[in-house]
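The following exercises are to be worked through with the sequence and the structure at hand. Each task is followed by a solution in steps.

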Amino acid sequence: MPFKALQLTDSVLRGVQAAGYKDPTPIQLRAIPAVLSGRDLIASAQTGTGKTAAFALPILCRLGAHGRARVLVLEPTRELAAQVETAFRDFARFTDLRTVAIFGGVGYGHQRTELKRGVDIIVATPGRLMDYLKEGTINLRDITILVLDEVDRMLDMGFLPVVKDIVGRCPRERQTLFFSATVPPEIQAIASFALRDPAKVEVGVSRSVTQSVTHALYPVVQEQKFDLLLALLAKTDFDSILVFSRTKHGADKIARKLKAANHSVAVLHANRSQNQRIEALAGFKSGKYEVMVATDIAARGIDVAGVSHVINYDVPEKPEDYVHRIGRTGRAQAVGDAFTLVTPENAGDIRDIQRFIGQKIPELRLEGFPYQPFVSRPSQPAPQRGRGHSGQRAQQGGGGWSHFGANRRRNG
Ligand code: AMP
């Protein structure tokens, strides 16, 4: 079904065409009619599925012409707020609707000016929005549509009390759209608090991401992790690589060492100033930096076209973060490669990830790398230089991983 059949207004349809979208993604097909009908919606869908347009397009249609601030979209991170606001602005380019992004880490001046000019759509992170609400610069009495995006991440970041406060400040008569990658019981509780008789849309992206992206484990001992990272970079023909670290401190350290090894590197984590974060992301997008080292929270949902590889320097803490991370390479059906460095200590985490995605991740060894003895059991060599690590070349090695006991039940 083409976008035309979805009963979007002409000006919004033109915006979609200008964005270069041809056909709606599954979540767009299912969510757009529900949102247009005015119903509340609870959608379990991750970034990469096209969920931004799934709510932005019907919202723009429902708003019609410029008026008061009627839409509030809450996002967990500054990057996401900026990205979602840009999407709204793009789709709205043939309308007179106005948007503003409200987030911390930057001055208040520009945001105040925009608010004064009058906006229809506010895309905000909870903290900075609260500042404006307390001082009375923003009030939510005209809000007719509230979007809570990435609710599971807001929960992780401890935003729930402030999100509840913000929801409580919106009129009771409103449409509420709720997006979360997963909907465990504590999220269900917030949904019950915020939503009324919602339509439900579930898009099972987890499996499709893990199927469209070639991914592999590289077992290695802790002391050799950085050397293996360097060796993988040297042997891989990449356009741009996102390297994930569990901690901010770790991200800084990896970046420092990569720079010392003559790689052009950007760093993205929450302790960096907003200007540094903007510069890092812009530099990575433009190709100025070939590698970006990031933490989960900073990288969640950011849309960087053309990330050819993801390297999990550290195994993610939560299984769903594995899917988020490797999904950075497989956005909108593009394929990419994802490698995960695993140490003996990660055995339990890997077991959880494999259970979560319902598949075993192949193990590879990098040929020629001077592995320390206890991971040196012969196995399938990793592919040589090339975009590879994919297709028939990414065969499953017997690798060192079974030495670590991760698959003890299978491997004895
Ligand atoms: P999102 O899940 O909203 O972050 O979107 C993921 C990526 O898919 C973004 O780069 C979007 O621009 C792109 N995208 C979303 N919907 C479509 C569509 N219908 N056709 C092509 N690309 C799309």
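## Exercise 1: Salt bridges

Task: Determine where the partners of the salt bridge between R112 and E135 lie, and state how exposed R112 is.

Solution. Step 1: The side chains of R112 and E135 form a salt bridge with an N to O distance of 2.4 Å; a salt bridge is a side-chain nitrogen of Lys or Arg within 4 Å of a carboxyl oxygen of Asp or Glu. Step 2: This pair links distant parts of the chain, with R112 in helix α5 (residues 109-117) and E135 in helix α6 (residues 126-135), 23 residues apart. Helices (H or I, at least four residues) and strands (E, at least two) are DSSP runs, numbered from the N terminus. Step 3: R112 has 33% relative accessibility and counts as partly exposed, and E135, at 42%, is partly exposed as well. Buried means under 20% relative accessible area, exposed over 50%, and partly exposed in between (1.4 Å probe, protein chains only).

The model is predicted: local features need pLDDT of at least 70 and side-chain atom pairs count only at pLDDT 80 or more, while totals for chains, interfaces and linings use all residues. Residues are numbered from 1 along each chain as its sequence is written, and side-chain values use heavy atoms, with hydrogens and water left out.

## Exercise 2: A second pair

Task: Decide whether D321 is buried or exposed, and name its salt-bridge partner.

Solution. Step 1: D321 pairs with R153 in a salt bridge, the closest N and O atoms being 2.6 Å apart. Step 2: D321 belongs to helix α15 (residues 319-327) and R153 to helix α7 (residues 151-156), 168 residues apart. Step 3: D321 is buried, with a relative accessible area of 6%, and R153 is buried at 3%. Step 4: A search of the whole structure finds 19 salt bridges.

## Exercise 3: Two sides of a helix

Task: Which residues of helix α9 are buried, and where around the axis do they lie?

Solution. Step 1: In α9 (residues 185-194), the residues I187, I190, A191 and A194 are buried. Step 2: They lie on the same side of α9, because they cover an arc of only 105° around the axis; the arc is that of the directions from the helix axis to the C-beta atoms. Step 3: P185 and S192 are exposed on the other side of α9.
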